[in-house]
Amino acid sequence: MARSGDPQGDGGEPVLPRASSSTRLRSRPDPFLVVCRCFSVITSLTAILCIAVNVLSAVRSFKNGADVFDGIFRCYAVVIAFFVVLAETEWGFIIKFWKVLEYWAGRGMLQIFVAVMTRAFPDYTERQKDLVLLQNIASYMLLACGVVYVFSGILCIGFLKRSRQQKEITREQAVQDLEELERRREELEQLLLAERV
C-alpha cells in the first residue's frame with residue numbers, strides 16, 4: 001500500500017501522474033492581432049462599398065451614354081478596389097506577385113488611390129445626390145483606412161504584426177504537438193495496463 005507522498009503503487013512500481021484530459025493549453029488570442037484583423041475587415045468592407053459605388057456610377061454613365069470616359073474610369077476603379085480587397089485577405093498568391101502589398105505603406109497608398117478614384121468626377125445634379133453621398137462616404141472611409149495604413153507602415157506596425165503572427169502559429173503548433181503527445185501517452189498507458197492484466 002502506498003503511503004502519502006510515496007510515488008509507488010500497490011505493486012511497488014512507480015505510479016505515473018495522470019494528465020487530465022480536461023486540462024488544455026489554450027492560449028488566448030493576441031489582442032493586437034485581433035485589432036489588426038478587425039481593421040482588415042473594416043478596410044475590406046469599405047473597399048467593397050467602393051466597388052459597389054463605382055459599379056453603380058459606371059452603369060449610370062454607360063446608360064446615359066453622355067459620359068463614357070467616366071464609365072471606363074469607374075471600371076478601372078472597380079478592378080483596383082478588387083485588388084485592395086484581395087490584399088486585405090493576405091492571400092499568399094497575391095502577396096507573392098505584388099510584394100509591395102505586403103508592406104502596409106504600399107497598401108495604404110493603393111487604398112488612397114482607390115479613394116481618390118471613387119471621389120473623382122462626381123455628378124452634382126439633383127437626381128444623383130444619393131450616389132454622390134454614397135461616393136463621398138465610401139471614398140472618405142477608404143481614405144481614412146489608407147492614411148492609417150501609411151502611418152502604421154511608417155511606424156513598422158506591419159512588421160510587428162507579421163512577427164506576432166509567426167509567434168501565434170508557433171504557439172498553436174506547440175499546443176497541437178503537446179496534445180498529440182498526450183494522446184500517445186494515454187494510448188501507451190492503456191497498452192501497459194492491458195499487458196499487466
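This report walks through the helices of a predicted model, one piece at a time.

## Before we start

Residues are numbered from 1 along each chain as its sequence is written, and side-chain values use heavy atoms, leaving out hydrogens and water. Because this is a predicted model, local features need pLDDT of at least 70 and side-chain atom pairs count only at pLDDT 80 or more, while totals for chains, interfaces and linings use all residues.

The helices named below are DSSP runs (H or I, at least four residues; strands are E, at least two), numbered from the N terminus.

## Where α1 meets α5

Let's begin with a pair of helices. The axes of α1 (residues 31–64) and α5 (residues 129–154) come within 9 Å and cross at roughly 145°. Those axes are lines fitted to C-alpha atoms over the stretch in contact, with angles from 0 to 180 degrees between N-to-C directions. The crossing of α1 and α5 is left-handed, a term for a near helix turned anticlockwise from the far one by less than a right angle.

Which residues meet there? On the α1 side they include Phe39, Thr43, Leu49 and Arg60, and on the α5 side Asp130, Leu142, Cys145 and Tyr149 are among them. Contact means heavy atoms within 4.5 Å. Sorted by class, the contact of α1 with α5 holds 16 nonpolar, six polar and two charged residues. Here Ala, Val, Leu, Ile, Met, Phe, Trp, Tyr, Cys and Pro count as nonpolar, Asp, Glu, Lys and Arg as charged, and the others, Gly among them, as polar.

Helix α4 (104–119) packs its buried residues against α1, α2 (68–89), α3 (92–97), α5 and α6. It has 16 residues and reaches 22 Å from first C-alpha to last, close to the 22 Å expected, which is 1.5 Å times one less than the number of residues. Among its buried residues are Trp104, Gly108, Val114 and Met117.

Leaving aside residues up to four places away in sequence, Gln111 touches Thr43, Val84, Glu88, Leu142, Cys145, Gly146 and Tyr149. Just after α4, Phe121 takes a positive phi of about 55°.

## Helix α6

Helix α6 (residues 157–196) has 40 residues and reaches 58 Å from first C-alpha to last, close to the 58 Å expected. Its buried residues are Gly158, Lys161, Glu168, Val175, Glu182 and Glu189, and what covers them includes α1, α4 and α5.

## Two loop residues

Glu90 sits in the loop between α2 and α3, with a positive phi near 55°. It is partly exposed, at 29% relative accessible area. Cys156 lies in the loop between α5 and α6, with phi near 65°, and is partly exposed at 49%.

In the model, residues 71–88 are 100% helix, with end C-alpha atoms 26 Å apart. Residues 100–117 are 78% helix, with their ends 20 Å apart. Residues 164–191 are 100% helix, and their end C-alpha atoms lie 41 Å apart.

Key. Buried < 20%, exposed > 50% of the residue type's maximum accessible area, 1.4 Å probe, protein only.
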